Amino acid sequence: MADAGSGAGAEGRAVAPPAAIPAAPPSGDGTAAGVSPPPPEIGSPEARIGVRDLTMAYGSFVLMRDLNFGIRRGSIFVIMGGSGCGKTTLLKHMIGLVEPARGEILYGEESFTRASGERRQELLRSFGVTYQQGALWSSKTLSENVALPLEQYTDLSAREIREICELKLALVGLKGFEDYYPSQISGGMRKRAGLARAMALDPDVLFFDEPSAGLDPISSHLLDELILELRDSLGSTVVLVTHELPSIFAIADDSVFLDTATRTMAARGNPRELLRNCDDPTVHRFLTRGAEEHPERRPA
Ligand SMILES: Nc1ncnc2c1ncn2[C@@H]1O[C@H](COP(=O)(O)OP(=O)(O)OP(=O)(O)O)[C@@H](O)[C@H]1O
Ligand SMILES: [Mg+2]
């Protein structure tokens, strides 16, 4: 099935970014900056993740319907939208914490929604997740926190696990803090420790729910660099929920915008291209913080 996301009328042409927006790094698949590849077809090998005909609901309360998009393997994909529109809920659908009211989630060509419990567990093992609320165990040291998934899912020795924990913590700039407790480090360091834990099993897909919320701009920038590095060095596919416009413009290869008013996706594509090409006023307001008119409607 073709990616119905294109129906949102938001597939961008290749355009030069506006001066205020930082230059984009080359995307994960080696595409030149500013030129986005076409969206991958849902259920194709190029789509690491597929969201097909998804309706999300809590009981009779329908949050979003008709969500359709594929997430390209090795890309950084951002879920955007106003507070309470259902971003975290969409992430929860992707990792099986909430079941679709209709439709399905696919990994490559395989349906995650229809997979057996055992198969789902296998698939889940290739994911790393950091939740919006952070959630490190306060009674465990950083090293012990990172060790948890390794103890749960591997047969590695205690020594091997310790070595991996040191490596992952070093990767997020926390070398030397292995034996600290979460209460002994700053909020930004806790966020990074959460990322180290999500990376413990070298996941192929990483889900981050607002990883930079509450961080100062420099820590936030470092986190962006780390996410880019994960994509480029491990080839991971990264699904990111964030409101941080500088991050969105700096690192996103692709995105979807969830619109509370219409209860469906209002746009789909590279945010830098959406900024120039998307006519939806809600999307445009979001991408400009409500500060700017659409470029084509600006006085000359
Ligand atoms: N477990 C639940 N049961 C019922 N309703 C829920 C549940 N979780 C979330 N909701 C509702 O679903 C809506 C979307 O919530 P969600 O947390 O997905 O939004 P969000 O876009 O992530 O918001 P934010 O930007 O504030 O994090 C909200 O109205 C929320 O009250
Ligand atoms: Mg949320």
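These legends go with a set of close-up views of a predicted model.

**View 1. The whole chain, before we zoom in.**
Start with the overall picture: the chain carries 9 helices and 10 strands. Of its 300 residues, 43% are buried. Take the contacts with a separation of 6 or more, and 68% of them link residues 24 or more positions apart.

**View 2. Who sits around ligand 1.**
The residues surrounding ligand 1 are Tyr58, Leu63, Gly81, Ser83, Gly84, Cys85, Gly86, Lys87, Thr88, Thr89 and Gln132. Sorted by class, that shell comes out as 3 nonpolar, 7 polar and 1 charged residues. Which element gives the largest share of the shell? That would be helix 1 (residues 87-94), with 3 residues.

**View 3. Leucine 63, a member of the ligand shell.**
Here we stay with one of the residues around ligand 1, Leu63. Leucine 63 belongs to strand 2. Setting aside neighbours within four places in sequence, leucine 63 has contacts with Met56, Ala57, Tyr58, Gly86, Thr89 and Arg263. Tyr58 and Gly86 and Thr89 also turn up around ligand 1. Look for leucine 258 as well: 195 residues separate leucine 63 from leucine 258 in sequence, while their C-alpha atoms are 9.8 Å apart in space.

Strand 1 (residues 47-58) meets strand 2 in the antiparallel sense, with 8 bridges between them. To get your bearings, find alanine 47, which stands opposite arginine 72 in strand 2.

Aspartate 53 has a phi near 50°, a positive value in a residue other than glycine. Aspartate 53 is found in strand 1, and it counts as partly exposed because it has 15 C-beta neighbours inside 10 Å. Arginine 289 is not a glycine either, yet its phi is positive at about 55°. Where does arginine 289 lie? Look in the segment after helix 9 (281-287). Arginine 289 is exposed because 9 other C-beta atoms lie within 10 Å, and the cut-off for exposed is 12 or fewer.

**View 4. Strand 8 and its parallel partners.**
Strand 8 (residues 237-241) is mostly covered, with 4 of its 5 residues buried. Strand 3 (residues 76-81) pairs with strand 8 in the parallel sense over 4 bridges, and here valine 78 stands opposite leucine 240. Strand 7 (residues 205-209) is also a parallel partner of strand 8, this time over 5 bridges. In that pair, leucine 206 stands opposite valine 238. From strand 7 the chain passes through helix 6 (residues 217-234) to strand 8, a β-α-β crossover that is right-handed.

Helix 5 (residues 187-198) has 12 residues and spans 17 Å from first C-alpha to last, close to the 16 Å expected at 1.5 Å a residue. Its buried residues are Lys191, Arg192, Ala193, Gly194, Leu195, Ala196, Arg197 and Ala198. What covers them? The cover includes strand 6 (127-130), helix 3 (142-153), helix 4 (158-171), strand 7 and helix 6. Turn to helix 3, and the buried residues are Leu142, Ser143, Asn145, Val146, Ala147 and Leu150. Helix 4 and helix 5 are among the elements covering those.

**View 5. The hairpin of strand 9 and strand 10.**
Strand 9 (residues 254-259) runs antiparallel to strand 10, joined to it by 4 bridges. Leucine 258 has methionine 265 in strand 10 as its bridge partner. The two strands form a hairpin with 4 residues between them, and arginine 263 in the turn has a positive phi of about 55°. Arg263 is also one of the residues in contact with leucine 63. As for strand 10 (residues 264-268), 4 of its 5 residues are buried, leaving this strand mostly covered.

How values were computed:
Residues are numbered from 1 along each chain as its sequence is written. Chains are lettered from A and ligands numbered from 1 in the order in which they are written. This is a predicted model: local features need pLDDT of at least 70, side-chain atom pairs count only at pLDDT 80 or more; totals for chains, interfaces and linings use all residues. A residue is near a molecule or strand if its C-beta atom, placed from the backbone, lies within 6 Å of it. Ala, Val, Leu, Ile, Met, Phe, Trp, Tyr, Cys and Pro count as nonpolar, Asp, Glu, Lys and Arg as charged, and the others, Gly among them, as polar. A residue is buried if 20 or more other C-beta atoms lie within 10 Å of its own, exposed if 12 or fewer, and partly exposed in between; C-beta atoms are placed from the backbone. Two strands pair if DSSP finds at least two bridges between them. A crossover is right-handed if, with the strands pointing away from the viewer, the path from the first strand over the helix to the second runs clockwise. The expected span of a helix is 1.5 Å times one less than its number of residues. Two residues are in contact if their C-beta atoms, placed from the backbone, lie within 7 Å.
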